[in-house]
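I opened my notebook beside the model and listed what to look up. My entries follow.

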Amino acid sequence: MMDKLKIGISIGDVNGIGLEIIIKTLADSKIFDYCTPIVYGHTKVASFYRRATEVNELNFNVIAEASQALPKRVNMINCWSEDVKIEPGIFNKEVGKYAFLSLERATNDLLAGHIDALVTAPINKDTIQSEEFNFPGHTEYLQFRGDAADSLMFLVSDTLRVGVVTGHIPIAKVAESITTEKILSKLRMMDSSLRNDFWIRKPKIAVLGLNPHASDNGLIGNEEADIITPAIEEARANDILAMGPYAADGFFANGTYLQFDAVLAMYHDQGLIPFKQIAFESGVNFTAGLSFVRTSPDHGTAFDIAGKNKASEVSFREALFAAIHIVKHRRETAELNENPLAFTKLSRDRD
């Protein structure tokens with residue numbers, strides 16, 4: 001447990017703010033006290049953004065593979081050989097392939113055990129699309145690569161944790177995609193993650209309704225009575241402390257979320273809009289339910305400020321530390337469970 005973790009970092013869209021926030025984060029030498037960072041990208045692209053951010057003291061240690069990474073250095077694996085035309089803030093499908101090359105190489109190393117966790121900088125979900133990447137986002141790609149039956153998009157901060165039942169799908173398909181079984185699957189993953197990744201012994205989970213006012217007892221839809229409530233009841237029967245369904249607007253407006261360890265929303269914007277309003281600067285996107293650890297900052301490519309040295313690295317830094325903490329929590333939990341103390345019934349007899 002004393003060894004420094006190797007944390008892989010994919011750079012995201014080369015025209016976005018990914019490398020800016022990576023460089024600003026890794027410019028703080030205190031990071032090396034906690035991990036050995038390995039950036040998957042290219043030194044020429046990184047050097048462009050290093051000049052743009054005026055972080056002149058940061059140097060990259062170029063390596064061919066993760067095993068060569070040096071502690072106390074920012075290690076860089078070059079994932080392509082050709083020159084890239086960098087145009088900060090420009091939407092360009094031609095350069096989307098470099099975001100994929102970075103992500104693919106980092107994921108390969110993650111699955112092979114060469115790195116301990118992955119932190120992903122933001123991609124543009126359109127420019128990255130190709131024959132090799134045909135997914136709505138990072139979450140779905142990593143679930144596929146990890147051969148997982150399901151996963152949970154889990155937004156976490158110090159004050160709020162929000163997961164979603166449905167992720168990157170059209171609003172028109174949300175209602176038909178929500179089932180009792182799917183809600184139960186997400187609740188199981190959320191409960192397990194809260195226990196093993198965040199060390200919360202008895203997690204208390206709030207479940208939001210789908211319809212306005214959580215349907216007002218069936219006046220505005222039947223999903224709460226027919227789908228959501230049965231899922232909550234079955235979860236509770238399996239020792240998962242789930243409560244609800246709650247009307248989403250009042251739940252966040254009056255601070256009820258502060259009474260729970262996590263919240264399960266029915267769809268993307270229902271959960272992410274209040275989360276970003278409450279914890280945008282410090283929020284982290286964590287993919288729960290996978291055998292490996294992946295986190296990311298809770299924002300996108302921010303083309304409007306790319307290359308202008310205006311991007312805040314706070315969320316990315318939080319994502320890096322969240323990955324470190326979650327890996328350590330998982331490993332310590334596994335160690336504790338390897339040799340549990342044998343249960344011995346105490347005798348009533350006294351000497």
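**Entry 1: a buried loop residue**

I looked up Asn211 and found it counts as buried, at 16% relative accessibility. Buried means under 20% relative accessible area, exposed over 50%, and partly exposed in between (1.4 Å probe, protein chains only). I noted that this is a predicted model: local features need pLDDT of at least 70, side-chain atom pairs count only at pLDDT 80 or more, and totals for chains, interfaces and linings use all residues. Residues are numbered from 1 along each chain as its sequence is written, and side-chain values use heavy atoms, with hydrogens and water left out.

Where does Asn211 lie? I found it in the loop between strand E8 (204–208) and helix H7 (223–237). Helices (H or I, at least four residues) and strands (E, at least two) are DSSP runs, numbered from the N terminus. The side chain of Asn211 makes a polar contact with the side chain of Glu223, at 2.9 Å. A polar contact is a pair of N or O atoms within 3.5 Å; within protein, one must be able to donate a hydrogen and the other to accept it, and residues adjacent in sequence count only if both atoms are side-chain atoms.

**Entry 2: positive phi**

Most residues other than glycine have a negative phi, and most peptide bonds are trans. I looked for exceptions. Asn217 has a phi near 55°. I placed Asn217 in the loop between E8 and H7. At 83% relative accessibility, Asn217 counts as exposed. Asn309 also has a positive phi, of about 60°. Asn309 sits in the loop between strand E12 (294–297) and H10. At 31% relative accessibility, Asn309 counts as partly exposed.

**Entry 3: a cis bond**

I checked the peptide bond from Gly244 to Pro245 and found it cis, with omega near 0°. Pro245 lies in strand E9 (residues 241–246).

**Entry 4: the span of H10**

How far apart are the end C-alpha atoms of H10? I read 36 Å, which agrees with the 36 Å that the 25 residues of helix H10 (residues 314–338) should span at 1.5 Å a residue. The expected span of a helix is 1.5 Å times one less than its number of residues. I listed buried residues of H10, including Phe316, Leu320, Ile324 and Val327.
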